[in-house]
Amino acid sequence: MRLSVETPKRASLSAIFWDFLKVSLLGFGGGIVLAHRYVVQRRQWLTDAEFTDALTLCQFMPGPNVVGIAVCVGAKTRGLPGAITAFAGFALLPGAFGFTLALLYLGQTQIPLIQNTLSGISAAAAGLMIATGLRFLKPHRSDPRTVVVAALAFAGLAVAKLPLLLVLLILAPLSAAATVILRAQPR
Amino acid sequence: MSPLGRLSLYLALMSSISFGGIPSVLPDIREFVVVANGWLTDRDFSNFFALSQTIPGPNMILMMGLVGWKVAGIPGAIAGASATAVPSCVMYFVGYRLWDRFRDAAWQKIARASLAPLTFGLVIAGGTVMAQTADKSWPAVGVSAAAAIFLLTTRINPLWMLGGAAVLGALGFV
């Protein structure tokens, strides 16, 4: 691995656009891996630590998280024009392309073959989402506070079927209080 | 207010509170568009979800574009996608500026530590609710479970699992 440079390399807007277009179209659920390879390793726009920091922020800010990475990298390298360019490359063009493709598919959903194929895909996609959440949780499995809060959030949404906003309003202050109290205690 | 206006406002609100990503608010969005307003059927909703997972690009923005399209055609698609993406991108931009400025502040460490566990639980719940809609047969439950296990225990690209499930579905097994 290369050492990170002190002065980040200047990013051209066209390079930001094309790199995030590629991350979006070739990422397939692994967009973060590809973004890291372009932004940190190949282009050296951000250091490893800066990239991790942006990732942490995006993980707990609301919204379509993957797009957040593009916005943050654009903002860090070229300010507002950079953020808009990264968004356009990541979301605008691939979104328009994907929408056209989706409409072509949807014209065919009455055909049993297409409907069956989509049933298979949606079952797998749901499983992958559960596994992604479990993967996030895995490094924290020996921390009771994290496991309890995650379990309560899961139960509130998936078992008790409470609205998300209610779950957040109840659990976020509780979790923050638990964090502060546990941190104050001597280990 | 027109259906399109109501949908846009609702999606913008949901996107702004979707800690853990859009999947964490999918149950609420389904409730609003399928149950409360009847703009989409359950089948439309899970078809859009499945489609958006197979097409490269920002899949949740695409899914909300399709939901908007069902409500009001092409203008609806643009409104649905924009309502999902634009307010949260503005928040990402402003949030990142502040985050970067106060990188070493104590409140930032507490915020990081207390919100992360919520995120984990909400993502798992989002997947579970989608599975409840998608898994109408035991083989479908098996496919969901297999995909989850493969992702957790191997380094296989998830695209292969979606492709494999598509083939199983096409052959009529799911």
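Two residues are in contact if their C-beta atoms, placed from the backbone, lie within 7 Å. In chain A of this predicted model, 49% of the contacts between residues at least 6 apart in sequence join residues at least 24 apart. Chain A has 7 helices and 0 strands, and buried residues make up 46% of its 187 residues.

**The side of chain A that touches chain B**

- The contact between the chains takes 78 residues from chain A and 86 residues from chain B.
- On the chain A side, at least two residues each come from α1 (13-26), α3 (48-60), α4 (65-106), α5 (112-137), α6 (144-159) and α7.
- The largest share of this side, 23 residues, is supplied by α5(A).
- By class, the side of chain A that touches chain B holds 55 nonpolar, 21 polar and 2 charged residues.

**Crossing of α5(A) with α6(B)**

- Helix α5(A) and helix α6 (residues 138-153) of chain B have axes that come within 7 Å and cross at roughly 40°.
- That angle makes α5(A) oblique to α6(B), and the crossing is right-handed.
- From α5(A), the residues making this contact include A:Ser119, A:Gly120, A:Ala123, A:Ala124, A:Gly127 and A:Arg135.
- From α6(B), the contact residues include B:Ala140, B:Val143, B:Ser144, B:Leu151 and B:Leu152.
- The residues of this contact divide into 15 nonpolar, 5 polar and 1 charged.

**Crossing of α7(A) with α5(B)**

- Helix α7 (residues 164-184) of chain A and helix α5 (residues 106-134) of chain B have axes that come within 9 Å and cross at roughly 130°.
- That angle makes α7(A) oblique to α5(B), and the crossing of α7(A) and α5(B) is right-handed.
- On α7(A), the contact is made by A:Leu168, A:Leu171, A:Ala172, A:Ser175, A:Ala176, A:Thr179 and A:Val180.
- On α5(B), the contact is made by B:Ile110, B:Ala113, B:Ser114, B:Leu115, B:Pro117 and B:Leu118.
- By class, the contact of α7(A) with α5(B) has 10 nonpolar, 3 polar and no charged residues.

**Helix α6(A) and its two sides**

- The residues A:Thr146, A:Val149, A:Ala150, A:Ala153, A:Phe154, A:Gly156, A:Leu157 and A:Ala158 of α6(A) are buried.
- The buried residues of α6(A) pack against α5 and α7 of chain A, together with α2 (26-36) and α5 of chain B.

**Loop residues with positive phi**

- A:Gln44 is not a glycine, yet has a positive phi of about 55°.
- A:Gln44 is placed in the loop between α2 (31-42) and α3 of chain A.
- A:Gln44 counts as partly exposed because it has 16 C-beta neighbours inside 10 Å.
- A:Lys161, in the loop between α6 and α7 of chain A, also is a residue other than glycine with a positive phi, near 60°.
- A:Lys161 is exposed, since 11 other C-beta atoms lie within 10 Å, and 12 or fewer is the cut-off for that class.

Key:
Residues are numbered from 1 along each chain as its sequence is written. Chains are lettered from A and ligands numbered from 1 in the order in which they are written. This is a predicted model: local features need pLDDT of at least 70, side-chain atom pairs count only at pLDDT 80 or more; totals for chains, interfaces and linings use all residues. Axes are lines fitted to C-alpha atoms, for helices over the stretch in contact, and angles run from 0 to 180 degrees between N-to-C directions. Helices (H or I, at least four residues) and strands (E, at least two) are DSSP runs, numbered from the N terminus. Angles under 35 degrees count as roughly parallel, over 145 as roughly antiparallel, 65 to 115 as roughly perpendicular and the rest as oblique. A crossing is left-handed if the near helix is turned anticlockwise from the far one by less than a right angle, and right-handed if clockwise. Ala, Val, Leu, Ile, Met, Phe, Trp, Tyr, Cys and Pro count as nonpolar, Asp, Glu, Lys and Arg as charged, and the others, Gly among them, as polar. A residue is buried if 20 or more other C-beta atoms lie within 10 Å of its own, exposed if 12 or fewer, and partly exposed in between; C-beta atoms are placed from the backbone.
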